[in-house]
Amino acid sequence: MLLIRCPYCDMDRPEIEFRYGGEAHLVRPENPDSVSDDQWAEFLYVRTNPKGLHAERWRHIHGCGRFFNALRDTVSDRFITTYRASEPRPDLPETMA
Amino acid sequence: MRFSALSVLRQGLKKNAGWPAQWRSPEPKSAYDAVIVGAGGHGLATAYYLAREHGLANIAVVEKGWLGGGNTGRNTTVVRSNYLWEESEALYEHAMKLWQGLSHELNYNVMYSPRGVMMLAQTHHDVQVLKRHVHANRLAGIDNEWLTPEQAKDFCPLLNISGDLRYPVLGATLQRRGGTARHDAVAWGYARAADRLGVDILERCQVLGIRRDAAGAATGVETSRGFIATRRIGVVAAGHTSVIMAMAGVRLPLESYPLQALVSEPVKPMMPCVVMSNAMHAYMSQSDKGELVIGAGTDAYTSYSQTGGLHIATHTLDAVCELFPAVRRLRMLRSWGGIVDVTPDRSPIIGLTPVPGLFVNCGWGTGGFKATPGSGHVFAHTLARGEPHPIAAPFSLDRFRTGRLIDEAAAAAVAH
C-alpha cells in the first residue's frame, strides 16, 4: 500500500483513503461542436501511459474530499511530489524518476 | 525430434540424456519479412501461424527478457469463451476451437483441461447479467448453462452456498468446455513449432526504437542486438505496448495496471473446476501440481512495477476463505504481479495503426491467456494480408473514433 501526501491536509496518509483519478491535466474541449471525432477520441480514451514520470489525479475521498495532482514514477511507484489541482505540473526533469 | 510414446520410451532407456534443445538461439539477421515484438504466447502464436498458414519463411520474434516470461508465465491459466457480445464470442470461440486440437497440432502437450468454468452470481444484478450471458452465448452456439446454488455445489463441493455469506451464492453459470491449460507449455509449444518452421526467436533483444522512412512507413526496429530491417512489424507487447508504440509516435487508448495472482502450497485434488466471483473479486482453480491458483484484482493506479499492493491480495484471500472455508488454513507459497494493458471497453485492439507496416495486438487486459491461439491466428492473417481478419475487424483501433465500442466490462471477474 502506498503512502500519499495530501497537499491540502499536509499529511502522509495510506492509499485506501484515496481514489485514483487517472491522467492529470486533460482538458475537456471548450466548444464541443467544433471538435472532430479524432479529437474526442483523444480526449476520452487515449492516454500517455508512460513508463516513468506520470502526472495523475488523486482524490482524498476519505479525508478532505478534495482533488489534487501527483507526479509518480510508475516503475518504482514512488511519489515525487503532490500538488494542488489549481497548480501547474511542476517542471521536473524526467531523470527525477 | 517429434514427441511420442516411443520417443519418451527411447529417451527413458538413455536416462533422458538425449533430449535436444527445443528451439535454436540464433543470432539476429540484418533483415526479416516480419518482426514480432514480444515472445509471449500471443506473439509466438502469431509467428507460428504466419509461417504455417501464410508461407512467410523469414520471421523473427524479438523479446527483451526471456520467452514466456511476462504475462504468459504470470496468468491464472483460465480458458473460456462465454463473453457477451457477438464480436467477442466470435473471437474467443475461435480460440476455444483451436485450444481443442492444439496439443496435437503443436505435438506438445499444452494440458488443455476442459474441467468447467463456473461464474458465481452473488447479487441480484449478477443474476441478471449472468443469465443474459447464458442466453447470448446459447444463441451464438456457445455452451453456457445456469445452475442453482445446489447444482453449483454438486459440481464444486468445496463451495460454500450458506445464506450467511456477505454475498450469498444465488446461482452460477457453467461453461463445461472452459477450464485451464498449462501456460508455460503454450509458450514453449508455439516456440518449438515456430522454430521448426524457421522462425528466429531472439531473446534478450530489447526494442529501443522504430525506424520510419520519409513517407512515415516502418522500415525496421532498433534493438539492443542491433538494427533489424523489416517492412512488417507486429507489436504484441502487452503491458509495454504504449512504450513501444510511442517509439513510432502512436498514442493508444491503453493504461497499464499491475494484476496479481497467488498459489498455495500443493495439496491433494480438492478443486474440480474453475470458480470465479465477480462480486468478491476472486477466482480459484487447482493446478495439476496441487497448488490452488488464485487470481486477485488490479491495483487502482497505473504502474509498470510487476508487484501490486498487499491489500489487493488480502482482499481476494478474504473472499476465497469465505467461499471455500476448507482452504482457510492453507499457506500461500508465492504471489506475483503482471502488467496488463487495459482498454476503455475491456476488449482488445487487433489490427492496423496510423503507421504503414506497423500492426498492433494489445489491450487484452486481465484476460488474454484464453485467447492465445485465436489471437495469434487472426493477427497473423492481419499481418500477412495487410488488412484485418474478419474476426479481428471489429477490434480495430478505429472503434474509439467511431464509437463502436465492444463493452465487455462485465465479462471478467477482475476488478476493473
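Mentor: Contact here means heavy atoms within 4.5 Å. The model is predicted.

Trainee: What area do chain B and chain A bury between them?
Mentor: The size of an interface is often given as the accessible area lost when the parts come together. Carbon and sulfur atoms carry 52% of the area buried here. The area that chain B and chain A bury between them is about 2,000 Å².

Trainee: Which three residues supply more than any other three of the area that chain B buries against chain A?
Mentor: Their share is 32% of the area that chain B buries against chain A. The three are B:Arg251, B:Tyr301 and B:Tyr304.

Trainee: Which residue forms a salt bridge with B:Arg251?
Mentor: Two salt bridges are found across the interface of chain B and chain A. In the one with B:Arg251, the closest N and O atoms are 2.8 Å apart. That is within the 4 Å cut-off for a salt bridge, and the partner of B:Arg251 is A:Glu42.

Trainee: Is B:Ser256 buried or exposed?
Mentor: B:Ser256 lies in strand β13 of chain B. Residues that B:Ser256 touches include A:Asn49, B:Tyr304 and B:Gly239, and its side chain reaches the backbone oxygen of B:Gly239 at 2.7 Å. Because its relative accessibility is 0% and the limit is under 20%, B:Ser256 counts as buried.

Trainee: Why is the pair of B:Tyr49 and B:Tyr190 classed as it is?
Mentor: The count over all chains is 15 aromatic pairs. For B:Tyr49 and B:Tyr190 the ring centres are 5.8 Å apart and the planes stand at 65°, so the pair is edge-to-face. The pair links helix α2 to helix α6 of chain B, 141 residues apart. With B:Tyr49 at 1% relative accessibility and B:Tyr190 at 0%, each counts as buried.

Trainee: How many residues apart are B:Tyr92 and B:Trp364?
Mentor: This aromatic pair is edge-to-face, 6.0 Å centre to centre with 90° between the planes. B:Tyr92 is buried at 4% relative accessible area, and B:Trp364 is buried at 10%. B:Tyr92 is in helix α3, B:Trp364 is in the loop between β19 and α9, and the two are 272 residues apart.

Trainee: Over which ring does the charged end of B:Arg192 sit?
Mentor: The cut-off for a charge over a ring is within 6 Å of the ring centre. The charged end of B:Arg192 is 3.9 Å from the centre of its ring. That ring belongs to B:Phe3.

Methods. Residues numbered from 1 in each chain as written. Chains lettered and ligands numbered in written order. Predicted model: local features only at pLDDT ≥ 70, side-chain atom pairs only at ≥ 80, totals over all residues. Heavy atoms only, no water. Phe/Tyr/Trp six-rings, centres within 6.5 Å; stacked < 30°, edge-to-face > 60°. Helix = DSSP H or I, 4+ residues; strand = E, 2+ residues; numbered from the N terminus. Buried < 20%, exposed > 50% of the residue type's maximum accessible area, 1.4 Å probe, protein only. Lys NZ or Arg CZ within 6 Å of the ring centre and 35° of its normal. Buried area = accessible area lost by both parts, 1.4 Å probe. Salt bridge = Lys/Arg side-chain N within 4 Å of Asp/Glu carboxyl O. Polar contact = N/O pair within 3.5 Å; in protein donor to acceptor, adjacent residues only side chain to side chain. Lists of a residue's contacts leave out its neighbours within four places in sequence.
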